[in-house]
Amino acid sequence: MKITVSSTGLSALDRPRLPMIALVVFALALAVFFVFPDRLSLAAYIGIFALFALSLDLALGMAGIVTLGHAAFFGVGAYTAGWLALAGWQEPITGVVISGLCAAALAGALGPFILRLTGLPLVMVTLAVGVFLFEAANKLTWLTGGDDGLYGMTFSPVLGIFEWSIYGTTDYLYVLAWLALAFYGCHRLTTSNFGLALRGVRENRLRMSLLGSSVLAQLTLAYALSAFIAGVAGALLAQTSEFVGLEVLSVEKSIDVVVILVLGGVGHLYGALLGAPVYLLIKDMSKEWNPHAWMIIIGFMLVFVMLVARGGIHGVLHKVIARSRGKHPNGEPR
């Protein structure tokens, strides 16, 4: 039996299963609020990086934009939120939106130039953009604080009701709400005609161009949307920590989010939700065990994913669910 692909681009096997995974993940995330009330700050941090990874999946997984400089947009969002707060704009929700728009504007300006490239040249140019912004932030101490970062910022209660606390109660629910909203928006985008066009561009850019598709415009729009979500994630980090340091623009942050996506699974959106808690929890626990050896554990995990569990955690779950339904992972009955 063949799988029929609908106008959404998802198979009959995919449609019921993927929403279920999302519901389970968000149900577990809500359970964390009650089960681990003393670890909500860490949980909020994980949620922020899940949102950051979701933004990269939109660019890499859907549009095939291979980048090692995605932290540039994360950092722009974080610094914008910090500047707004220090300037007196302390309302958090609008601050997040403005920060995301600033990151999207940067991506929209860069997109028409750098997205003409593919492969290694694109990787190197995006990496260079990230390094340039990092060095600029390091030198412009009057604007960014340099090594000292931005601090002393405060934010109004969320919706004028929910006060920020050192226990992370408001932080976590606030981040989770943004993550759920962004995930829903990305899911709707992937099942739209625009999402189908991006998949076509990812698979064969030349063919889509010959079919009359505005490839560069579509890639630029996808890049800007991805940057908007990354900027939102950066703004959330600034608001929940009340501090912005140079590391938000570092290459390490770009590498972290790539590793999260590879572990979780690229191109399915759910990889961001699955990879972020696994990577960051292992990183946190490994550093407590041995601050210098945690990368060895992550390295072994990446080798395992590349050699055995291709598709990451999402790929493994896909196979398990398919076999439990009496079908092969490709949808054919056993």
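Reader: Is the crossing of α2 and α7 left-handed or right-handed?

Author: In this predicted model, α2 and α7 cross in a left-handed sense.

Reader: What angle do α2 and α7 make, and how far apart are their axes?

Author: The angle between them is about 15°, and the axes lie 8 Å apart. Angles under 35 degrees count as roughly parallel, and α2 and α7 are therefore roughly parallel to each other.

Reader: Which residues meet where α2 packs against α7?

Author: On the α2 side the contact includes Leu40, Ala43, Ala44, Gly47, Ile48 and Leu51. Among their partners in α7 are Tyr172, Val175, Trp178, Leu179 and Phe183. By class, the contact of α2 with α7 comprises 17 nonpolar residues, three polar and one charged.

Reader: Which residues form the contact of α11 with α13, and how many of them are nonpolar, polar or charged?

Author: From α11 come Val259, Val262 and Leu263, which meet Ile298, Met301, Leu302, Val305 and Met306 in α13. Eight residues of this contact are nonpolar, and there are no polar and no charged ones.

Reader: Turning to the largest pocket, how much space does it hold, and which helices supply at least two residues each of its lining?

Author: The largest pocket holds about 650 Å³ of space. At least two lining residues each come from α1 (14-35), α2 (40-62), α7 (169-190), α12 (270-289) and α14 (312-324).

Reader: Which lining residues lie nearest the centre of the largest pocket, and what is the lining by class?

Author: Of the 27 lining residues, Ala29, Val32, Ile46, Pro277 and Leu281 lie nearest the centre. The lining has 24 nonpolar residues, one polar and two charged.

Notes:
Residues numbered from 1 in each chain as written. Predicted model: local features only at pLDDT ≥ 70, side-chain atom pairs only at ≥ 80, totals over all residues. Heavy atoms only, no water. 1 Å grid on protein atoms, 1.4 Å probe; cavity = no way out; pocket = protein on both sides within 12 Å on 5 of 7 lines; lining within 4 Å. Points joined across faces, edges and corners; volume = space filled by probe spheres on them. Helix = DSSP H or I, 4+ residues; strand = E, 2+ residues; numbered from the N terminus. Nonpolar A, V, L, I, M, F, W, Y, C, P; charged D, E, K, R; others polar. Axes fitted to C-alpha atoms, helices over the stretch in contact; angles between N-to-C directions. Parallel < 35°, antiparallel > 145°, perpendicular 65-115°, else oblique. Left-handed = near helix turned anticlockwise from the far one by under 90°. Contact = heavy atoms within 4.5 Å.
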